[in-house]
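Thank you all for making time for this.

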Amino acid sequence: MFHVGDHEVAVCNLGGEFYAIDDLCTHDGGSLDQGELDEAEIECPRHGARFDVRTGAAVQLPAFEPVETHEVRVEGDTVQVGMEHR
Ligand code: FES
């Protein structure tokens with residue numbers, strides 16, 4: 001998890017591809033960076049909602065709203081996160 005501006009962003013490494021999502025479960029505000037990453041899905045440690053980190057889509061209840069995603073760019077050994085909401 002990284003602070004980017006006033007956001008907390010979870011950056012996920014899927015086999016060398018990086019994805020960034022708000023570190024805030026849309027069910028009840030759980031910290032997604034504390035959850036398990038299973039393939040492309042991250043599981044909220046609070047009540048088990050799952051999100052696809054590539055799209056932000058909620059794929060398992062109790063969350064049904066998507067989590068915000070952010071653009072990621074890798075420059076050398078630096079991972080840059082764009083904060084324009086998609
Ligand atoms: S806060 Fe994430 S599933 Fe409830």
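I will go from the overall fold to the strands, and then to a few residues and the salt bridges.

A word on the basis first: this is a predicted model, in which local features need a pLDDT of at least 70 and side-chain atom pairs count only at pLDDT 80 or more, while totals for chains, interfaces and linings use all residues. Residues are numbered from 1 along each chain as its sequence is written, and side-chain values use heavy atoms, with hydrogens and water left out.

Let me begin with the chain as a whole. It has zero helices and ten strands, where helices (H or I, at least four residues) and strands (E, at least two) are DSSP runs numbered from the N terminus. The radius of gyration, taken over C-alpha atoms, is compared with a globule rule of 2.2 Å times the number of residues to the power 0.38. The chain has a radius of gyration of 12 Å, close to the 12 Å that the rule gives for 86 residues, so it is as compact as a globular protein of that length. Along the principal axes, the C-alpha atoms fill a box of roughly 40 × 30 × 20 Å. Of the 86 residues, 31% are buried, and here buried means under 20% relative accessible area, exposed means over 50%, and partly exposed is in between, with a 1.4 Å probe and protein chains only.

How are the strands arranged? Four of them make an open sheet in the order β1-β2-β3-β8, with antiparallel pairing, and two strands count as paired if DSSP finds at least two bridges between them. At the edges of this sheet stand β1 (2-4) and β8 (69-70), each with a single partner strand, so one side of each has no neighbour in the sheet. Between β1 and strand β2, which covers residues 7-14, there are three bridges in the antiparallel sense, and F2 has V9 in β2 as its bridge partner.

Further along, strand β9 (residues 72-75) pairs with strand β10 (residues 78-81), again antiparallel, over four bridges. V72 has V81 as its bridge partner, and V74 stands opposite V79. These two strands form a hairpin with two residues between them, and G76 in the turn has a positive phi of about 65 degrees.

A10 counts as buried, at 3% relative accessibility. Setting aside residues up to four places away in sequence, A10 touches M1, Y19, A20, I21, D23 and D33, where contact means heavy atoms within 4.5 Å.

Which residue carries the nearest side chain of opposite charge to D23? It is R46, at 11 Å, and D23 is buried yet has no salt bridge; for charge, Lys and Arg count as positive and Asp and Glu as negative, while His and the chain ends are not counted. What the side chain of D23 does reach is the backbone nitrogen of D33, at 2.7 Å.

Most residues other than glycine have a negative phi, and most peptide bonds are trans. E39, in the loop between β4 and β5 (41-43), has a positive phi near 55 degrees, and E39 is exposed, with a relative accessible area of 69%. L61 and P62 are joined by a cis peptide bond with omega about 15 degrees, and P62 is found in the loop between β7 (58-60) and β8.

Finally, the salt bridges, defined as a side-chain nitrogen of Lys or Arg within 4 Å of a carboxyl oxygen of Asp or Glu. The whole structure contains six. In one of them, D28 meets R46, with the closest N and O atoms 3.3 Å apart. This pair links distant parts of the chain, 18 residues apart, with D28 in the loop between β3 and β4 and R46 in the loop between β5 and β6 (50-52). D28 is partly exposed at 46%, and R46 is partly exposed at 43%.

R50, by contrast, is buried, with a relative accessible area of 13%. R50 forms salt bridges with E41, at 2.7 Å from N to O, and with E43, at 2.8 Å between the closest N and O atoms. Together, D38, E41, E43 and R50 are linked in a network of salt bridges.

Definitions and conventions:
Polar contact = N/O pair within 3.5 Å; in protein donor to acceptor, adjacent residues only side chain to side chain.
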